[in-house]
Amino acid sequence: MDIVYTQPLKELLQVSTYFNEQLVVLVTNEKDEKVAKTNSLLPCYLISESTPENELQKLSSKTRAVLGGSVKANELAVRIKADYLLQPSGDKQFFDLGLAQKLAANGTIVVLMFEELLKANSFERHQYWKNYLELVRYCKQKNTKFIVASGTKDPLLLRPPKVREALAVLLGLPAEKAREYLNETIKVK
Amino acid sequence: MKIEKNKKAIVPLSKRERKRYILFEVLNGEVAEKDFYFGFWIELLSFFGSKGLAEINPKIVLFKSNKAIIKCKRGKELDLIAGTAFIEKIKNKKIIINPILTSGTVKTLKEHAKI
């Protein structure tokens, strides 16, 4: 399973088919959702702190991913029982043991979007790495699911599943768990 | 003055450091061996640092038709595979490095890759 942004779907599909894995596409409206479905990709609504409450209620029956990166956004993922929490920490840490426990209870998957790490400069990259080492330690303690996703728009920045699995192991996740979480089949709502 | 050549002591097989070989393929276009070597080294060095890279001890054994066999210390295979995620471009050309197979011998990988 890999998570990417919407454009350009055909090339993304081509690369993901080569890697033989399911592709979850982050969408923001129904039009994008339809396009993703016609391209046999799995759509997932991207929600942020600024998403209005009535919109959240409308999307309650859909697959949802919350873009984290602040205390509020991370709490939103817990409140709405989102399927994915993307980038809960950046160069600052917003993740703790309590949050990990709540996410585990909801079955939310914590996702590291690899492109953000790749685009960061060497100083930011070290901050990211430090925060994610801590985050994975919490996830391991509370059995919260954690994966590394490509999180890109560029098909040439998609990373093979073996590489993402190795990154998760390098962050401290046991190899079997890293494989299990990545190979999990996704239910389309 | 006569220079005496010292014969290198042969380390017995049982005492030699164990190694693993990993077969990688480079996706998206042709890459020259030199460019691959340079790009590979720079990115790994920036991610792992001198100490980390010395611990992994990677060596490019063979590079042929966009496939590379890279040797590393046993137990450090995952580190090497994870490190390749950071190789984004080689000579300003975007590439993806895909690990195919890990083995204890080069022969197996050569047979698998048909190189």
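## Strands that pair in chain B

Two strands pair if DSSP finds at least two bridges between them. In this predicted model, strand β1 (residues 19-27) of chain B and β6(B) are joined by 7 bridges and run antiparallel. To find a spot along this pair, look for B:Y21, which stands opposite B:S103 in β6(B).

These strands belong to an open sheet of 4 strands in chain B, with the order β2-β3-β1-β6 and antiparallel pairing. Which strands stand at the edges? They are β2 (59-64) and β6 of chain B; each has a single partner strand, so one side of each is left without a neighbour in the sheet. From one strand to the next, the twist averages 25°.

## A helix across the sheet

Now look for helix α1 (residues 33-56) of chain B. This helix lies across β1, β2 and β3 (67-73) of chain B, and its direction is at about 15° to β3(B).

## Two helices packed in chain A

Two packed helices are described by the angle between their axes and the distance between the axes. Helix α5 (residues 97-106) and helix α7 (residues 122-142) of chain A pack at an angle of about 50°, and their axes are 9 Å apart. That angle makes α5(A) oblique to α7(A). The crossing of α5(A) with α7(A) is right-handed.

Which residues meet here? From α5(A) come A:L97, A:A100, A:Q101 and A:A104, while α7(A) brings A:Y138, A:C139, A:Q141 and A:K142. By type, the residues of this contact are 5 nonpolar, 2 polar and 1 charged.

## Helix α8 of chain A

Is α8(A) largely enclosed or largely open? Since 10 of the 10 residues of α8(A) are buried, this helix is largely enclosed by the rest of the structure. Among the buried residues are A:P161, A:R164, A:L167 and A:L170.

The cover over them comes from both chains: it includes α1 (9-19), α6, β7 (145-149) and α9 (175-182) of chain A, together with α2 (77-83) and β6 (96-103) of chain B. Just after α8(A), A:G172 takes a positive phi of about 120°.

## Where the chains touch

How many residues are in contact between the chains? There are 13 residues of chain A in contact with 14 residues of chain B. On the side of chain A that touches chain B, α6 (114-119) and α8 (161-170) each supply at least two residues. The largest share, 6 residues, comes from α8(A). The residues of this side of chain A divide into 10 nonpolar, 1 polar and 2 charged.

Technical notes: Residues are numbered from 1 along each chain as its sequence is written. Chains are lettered from A and ligands numbered from 1 in the order in which they are written. This is a predicted model: local features need pLDDT of at least 70, side-chain atom pairs count only at pLDDT 80 or more; totals for chains, interfaces and linings use all residues. Two residues are in contact if their C-beta atoms, placed from the backbone, lie within 7 Å. Ala, Val, Leu, Ile, Met, Phe, Trp, Tyr, Cys and Pro count as nonpolar, Asp, Glu, Lys and Arg as charged, and the others, Gly among them, as polar. Axes are lines fitted to C-alpha atoms, for helices over the stretch in contact, and angles run from 0 to 180 degrees between N-to-C directions. Angles under 35 degrees count as roughly parallel, over 145 as roughly antiparallel, 65 to 115 as roughly perpendicular and the rest as oblique. A crossing is left-handed if the near helix is turned anticlockwise from the far one by less than a right angle, and right-handed if clockwise. A residue is buried if 20 or more other C-beta atoms lie within 10 Å of its own, exposed if 12 or fewer, and partly exposed in between; C-beta atoms are placed from the backbone.
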